Amino acid sequence: MIHLYLDDWRPNPKGFTLARNGEECLLLLRECEVDVLSLDYELGHGQMNGGEVVSAIISEGLRAKEIYLHTSSPSGRRVMYELLYKHMPEEVIVHNGPMPDELRAAVAKGER
């Protein structure tokens, strides 16, 4: 089981597998069981954005146990949250914001 962090420029939090673009994120979701998934929206010019990643997650039936949205884009966060909230099964916990420091620390220590 992995923890997955999608971001094109922020540093990777300790204990997470980093995906720098949407294609990497989707590949890892297809191949690995994911506990915590944290998504950015703006992933660089000419790249998939977080909304497109979420749409692919939904259409392919991909899952994570918990999903956080760490993007600094308010409109992007809204798009991703609304899609996830509407389409994820109830066992998937969707948070409309970034991971709390306590969770980040627990993952870094290998406690999660």
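Biologist: How many aromatic pairs does a search of the whole structure find?
Modeller: This is a predicted model, in which local features need pLDDT of at least 70 and side-chain atom pairs count only at pLDDT 80 or more, whereas totals for chains, interfaces and linings use all residues. Residues are numbered from 1 along each chain as its sequence is written, and side-chain values use heavy atoms, with hydrogens and water left out. Rings of Phe, Tyr and Trp (its six-membered ring) pair if their centres lie within 6.5 Å. The number of aromatic pairs found in the whole structure is two.

Biologist: What kind of pair do the rings of Tyr5 and Phe16 form?
Modeller: Planes under 30 degrees apart count as stacked, over 60 as edge-to-face and the rest as tilted. The ring centres of Tyr5 and Phe16 are 6.1 Å apart and their planes lie at 70 degrees, so the pair is edge-to-face.

Biologist: How many residues apart are Tyr5 and Phe16, which link distant parts of the chain?
Modeller: Helices (H or I, at least four residues) and strands (E, at least two) are DSSP runs, numbered from the N terminus. Tyr5 belongs to strand S1, while Phe16 lies in the loop between S1 and strand S2 (17-19). Their separation in residues is eleven.

Biologist: Does Phe16 count as buried or exposed?
Modeller: Buried means under 20% relative accessible area, exposed over 50%, and partly exposed in between (1.4 Å probe, protein chains only). Tyr5 has 3% relative accessibility and therefore counts as buried. Phe16 has 7%, so Phe16 counts as buried.

Biologist: What kind of pair do Tyr81 and Tyr85 form?
Modeller: Tyr81 and Tyr85 are four residues apart in helix H3, so about one helical turn separates them. Their ring centres are 5.7 Å apart and their planes are at 25 degrees, which means that the pair is stacked.

Biologist: At roughly what angle do the axes of helix H2 and helix H3 cross?
Modeller: Axes are lines fitted to C-alpha atoms, for helices over the stretch in contact, and angles run from 0 to 180 degrees between N-to-C directions. The axes of H2 (residues 50-60) and H3 (residues 74-87) come within 9 Å and cross at roughly 10 degrees. Angles under 35 degrees count as roughly parallel, so H2 is roughly parallel to H3.

Biologist: How many nonpolar residues has the contact of H2 with H3?
Modeller: Contact means heavy atoms within 4.5 Å, and by this rule Gly50, Gly51, Val54, Ser55 and Ile58 in H2 meet Val79, Met80, Leu83, Leu84 and His87 in H3. Ala, Val, Leu, Ile, Met, Phe, Trp, Tyr, Cys and Pro count as nonpolar, Asp, Glu, Lys and Arg as charged, and the others, Gly among them, as polar. The contact has four polar and no charged residues, and its nonpolar residues number six.

Biologist: Which residues touch the most other members of the largest nonpolar core?
Modeller: A nonpolar core is a set of buried Ala, Val, Leu, Ile, Met, Phe, Trp, Tyr and Cys residues joined through side-chain atoms within 4.5 Å. The largest has 27 residues, and those that touch the most other members are Leu4, Cys25, Leu37, Leu39 and Ile67.

Biologist: Which residues does Cys25 touch, not counting residues up to four places away in sequence?
Modeller: Cys25 is one of the residues that touch the most other members of the largest core. With residues up to four places away left out, Cys25 touches Leu4, Leu6, Ala19, Leu37, Leu39 and Val53.

Terms used. Parallel < 35°, antiparallel > 145°, perpendicular 65-115°, else oblique.
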